[in-house]
Amino acid sequence: MSDVDIVAESIRSMKVRGARDIAVAAALALKKIVDEGGKIPELEPAGEKLKAARPSAIALPNAVNYVMYLADGNKSLSDEEFKEKTMKDIDGFLDQMAKSVKKIAEIGAEIIREGETLLTHCQSDTVFEIFSKAWDDGKKIKVVCTEARPRHQGYLTARKCSEHGIPTTLVIDSAVHWAIRELDVDKIFVGADTVCANGDVVNKVGTSQIALCADEADIDFFVAADSLKFSAESMMGRMVNIEERDTSEVTEIPNVTIRNPGFDVTEAKYIDAIITEEGIMPPQGAYPLLKEKYGWELKG
Ligand code: RI2
């Protein structure tokens with residue numbers, strides 16, 4: 001197995017997971033190829049392999065495409081110059097991603113008030129950065145985490161928040177409606193795998209049900225996402241390829257069909273705001289952001 005095969009397999013098997021982390025892992029795998037003397041002909045097939053590893057998190061293909069764009073800009077350089085410049089460019093990209101998450105944490109922490117109870121779903125590094133920043137700023141928040149069946153990524157969130165000193169409660173996924181009422185949840189924050197041009201958000205399955213509960217309880221529902229997760233190709237959530245994972249992750253019952261979607265779509269109308277490194281915006285801000293930052297426009 002080549003290094004790229006190993007990274008692609010770790011992403012597929014979710015040994016490496018979380019939308020940001022898989023994008024970073026892919027960029028590092030491509031950087032290694034450059035470090036070993038690889039150029040466009042070696043990077044292209046590797047990039048395609050990495051992109052195919054998981055279908056619903058747009059940061060993965062966006063990161064691969066961006067690295068390819070950087071490499072393409074250097075292709076007329078000598079071998080040694082190509083290597084040096086492209087590695088530097090990839091480091092710059094990774095540095096930018098790290099800065100983005102810090103900026104999102106600052107913006108997100110600012111909208112949290114002293115003593116609030118915040119609910120999150122699954123495990124998002126971006127959301128954790130917001131919570132830990134609010135806590136470090138001295139706000140005595142409480143956090144409620146879901147389990148995120150079937151893979152229980154919520155346990156990671158619960159452990160991280162608790163180890164950071166934040167009073168943390170874990171509930172099963174189906175207790176969200178109960179928790180909002182009984183635990184007096186003030187705000188909900190979730191991460192994102194893809195933000196569509198119309199403001200719909202693809203995130204861990206169960207997110208859309210939580211958004212409906214937030215709507216019913218009249219509390220704010222926020223999505224925290226780096227602009228790398230915005231997708232020009234994904235016009236609307238229902239057009240995104242939702243990953244269905246192996247049913248062995250759920251259970252087996254004779255003669256019963258098991259379905260195991262990894263993600264679902266939260267419609268823009270249930271999202272109060274999306275927090276990005278560019279600022280906090282209503283979901284309808286997705287299209288202008290794509291247009292202004294990436295020069296993408298609807299034609300015809
Ligand atoms: P950050 C995760 O997907 C969750 O859906 C989470 O909300 C999202 O990635 C974003 O995570 P999975 O890899 O990029 O667990 O904010 O399927 O860390």
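Which helix gives the most residues to the lining of the second largest pocket? Helix H9 does, with 3 residues. The structure is a predicted model, in which local features need pLDDT of at least 70 and side-chain atom pairs count only at pLDDT 80 or more, while totals for chains, interfaces and linings use all residues. Residues are numbered from 1 along each chain as its sequence is written, and side-chain values use heavy atoms, with hydrogens and water left out.

**Pockets and cavities**

On a 1 Å grid over the protein atoms alone, a cavity is a set of points where a 1.4 Å probe fits but cannot get out; a pocket is an open set with protein on both sides within 12 Å along at least five of seven lines, and lining residues have an atom within 4 Å of a point. Grid points are joined across faces, edges and corners, and a volume is the space filled by probe spheres set on the points. Helices (H or I, at least four residues) and strands (E, at least two) are DSSP runs numbered from the N terminus. In the classes below, Ala, Val, Leu, Ile, Met, Phe, Trp, Tyr, Cys and Pro count as nonpolar, Asp, Glu, Lys and Arg as charged, and the others, Gly among them, as polar.

| Space | Volume | Lining by class |
|---|---|---|
| Largest pocket | about 490 Å³ | 9 nonpolar, 6 polar, 5 charged |
| Second largest pocket | about 190 Å³ | 4 nonpolar, 5 polar, 2 charged |
| Largest cavity | about 230 Å³ | 6 nonpolar, 8 polar, 8 charged |
| Second largest cavity | about 60 Å³ | 4 nonpolar, 3 polar, 5 charged |

The lining of the largest pocket comprises 20 residues, and Asn62, Tyr66, Ser227, Leu228 and Tyr294 lie nearest the centre. Two or more lining residues come from each of H4, helix H5 (79-110), strand S8 (230-231) and helix H10 (286-294). H5 gives the most, with 4 residues.

In the second largest pocket, helix H8 (176-182) and helix H9 (207-217) each supply at least two lining residues. The lining includes His121, Arg149, Asp173, His177 and Cys213.

The search of the whole structure finds 2 cavities of 30 Å³ or more. Around the largest cavity there are 22 lining residues, with Arg17, Gly18, Ala19, Gln123 and Asp193 nearest its centre. H2, helix H6 (125-136) and strand S6 (201-204) each supply at least two of the lining residues, and H2 has the largest share, 4 residues.

**Ligand surroundings**

The ligand is surrounded by 19 residues, the closest being Arg17, Ser124, Thr126, Asp193 and Asn203; a residue is near a molecule if one of its heavy atoms lies within 4 Å of it. Oxygen atoms of the ligand lie 2.8 Å from a backbone N or O atom of Gly18, 2.6 Å from a side-chain N or O atom of Thr126, and 2.7 Å from a polar side-chain atom of Asp193.

Among the residues lining the second largest cavity are Met14, Arg149, Pro150, Lys204 and Arg245. Arg149 and Pro150 are joined by a cis peptide bond, with omega about 5°. Pro150 is found in the loop between strand S2 (142-146) and helix H7 (153-163), and Ala148 also lies in the loop between S2 and H7. Ala148 is not a glycine, yet its phi is positive, near 65°. Ala148 counts as buried because its relative accessibility is 1%; buried means under 20% relative accessible area, exposed over 50%, and partly exposed in between (1.4 Å probe, protein chains only).

Met14, in the loop between helix H1 (3-12) and H2, likewise has a positive phi, about 70°, without being a glycine. At 6% relative accessibility, Met14 is classed as buried.

Arg54 occupies the loop between helix H3 (40-51) and helix H4 (59-73). Its relative accessibility is 5%, so Arg54 counts as buried. The Arg54 side chain makes a polar contact of 3.0 Å with the side chain of Glu243. A polar contact is a pair of N or O atoms within 3.5 Å; within protein, one must be able to donate a hydrogen and the other to accept it, and residues adjacent in sequence count only if both atoms are side-chain atoms. Beyond four places in sequence, residues in contact with Arg54 (heavy atoms within 4.5 Å) include Met14, Arg17, Leu60 and Phe263.

Ala26 belongs to helix H2 (residues 19-35) and counts as buried at 0% relative accessibility. Leaving aside neighbours within four places in sequence, Ala26 is in contact with Leu50, Leu60 and Val64.
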